[in-house]
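Biologist: Can you walk me through a helix pair and a strand in this one?

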Amino acid sequence: MKVCIIGSGNWGSAIARIIGENAAKYDEFDTSVHMWVFEEMIDGKKLTEIINTQHENVKYLPGYKLPENVVAIPDVADAAKDADILVWVLPHQFVPKICQQLKGKIKKTAFGISLIKGVHIKDKGLELISQMISDELDGMRVYALMGANIAKEVAAGNYCETTIGCSDKERGAQLKKLFEVKTFRVVVVSDEHTVELCGALKNIVAVGAGFVDGLELGDNTKAAVIRLGLMEMIAFAKAFYKNVEVSTFLESCGIADLITTCYGGRNRRVAEAFIRTKKPIEELEKEMLNGQKLQGPQTAYEVNQMLKKEGLEDRYPLFTAVYKICYEGHPANEFIECLHDHPEHMPASNL
């Protein structure tokens, strides 16, 4: 089976280290792994040429070597044309454009796995990225991998866990083999939608955690934000999707990823700077993220469109406050106000 990685940021490059290792190790995978790289010039050289000669993504994951069997290709259709497995790992804002470039140019038997933490608004409804890719690419089946996986720590070989949502047992076993190494432990569950939703919604909570840090309110307040954020994640999943398994929130894709992101992720860091500097989110994204994209505020916006449509903003005060602070100029102290009378604190008869 031939594997193509669509995306080459820090997370894409980190996961390429694992995929390259396993593709060379196991007979069922083609040794050569294609990685689509958005072409950029770095000190007068093409980034693809640097990756293919130095075997390092010097812009997005400097200091970590890529396996020599990972080949950077600047044209996404060329990279993906013979692939059996497409690994999607790029900012969700860019997915529609990439899908357009791949239409009619990939194998009909190919399937995908999304490592993208975000959602998409379609006709004022929420659409998972896996579903968007599937709809754009003639029904291609797309699964999800989410977890407490900060890219540099994965690249460094620090032990962590991740969750694959895949209801097909045969493909689940194939994907586990592709992604699992000694320091990257994979658990496969059948609850695909919940796995993917966790990866998107936790970024909203992480923005709230960053607000807490910016306001210097301490770890007790942040713990409350994490707990109430988790409750809103579970409530949202149950409200908008069928057959949600609450146990999935106890996997790496749920509580573990939420904790990691609220203490160490880019959404938390930028949100803290947003409070301290008063600079716009877009400006901080450019200053702090070296070309990477922020997912939390965008996801908060997209989720709010759906809550507004359904008249449910009051039931999700944390999600709503993050949106209003980021996009409507509401003062940050409103974020803490929203927690005082959170629905989780109200007797059931009042809800």
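This is a predicted model: local features need pLDDT of at least 70, side-chain atom pairs count only at pLDDT 80 or more; totals for chains, interfaces and linings use all residues.

Biologist: Which residues of α11 does α8 meet?

Modeller: Helices here are DSSP runs (H or I, at least four residues), and strands are E runs of at least two, numbered from the N terminus. On the α8 side, the contact takes in N203, A206, V207, A209, G210, F211, D213 and G214. Across from them in α11 sit N267, R268, A271, E272, F274, I275 and R276.

Biologist: How are the faces of β10 covered, and which residues are on each side?

Modeller: Buried means under 20% relative accessible area, with exposed over 50% and partly exposed in between (1.4 Å probe, protein chains only). Five of the five residues of β10 (residues 142-146) are buried, so the strand is largely enclosed by the rest of the structure. Both faces are covered by buried residues: V142, A144 and M146 on one side, Y143 and L145 on the other.

Biologist: Which residue in β11 stands opposite M146?

Modeller: Strands pair if DSSP finds at least two bridges between them. β10 runs parallel to β7 (residues 111-114) over three bridges, with G112 partnering V142. With β11 (residues 160-165), β10 pairs in the antiparallel sense, also over three bridges. There, the residue opposite M146 is T163.

Technical notes
Residues are numbered from 1 along each chain as its sequence is written. Side-chain values use heavy atoms; hydrogens and water are left out. Contact means heavy atoms within 4.5 Å.
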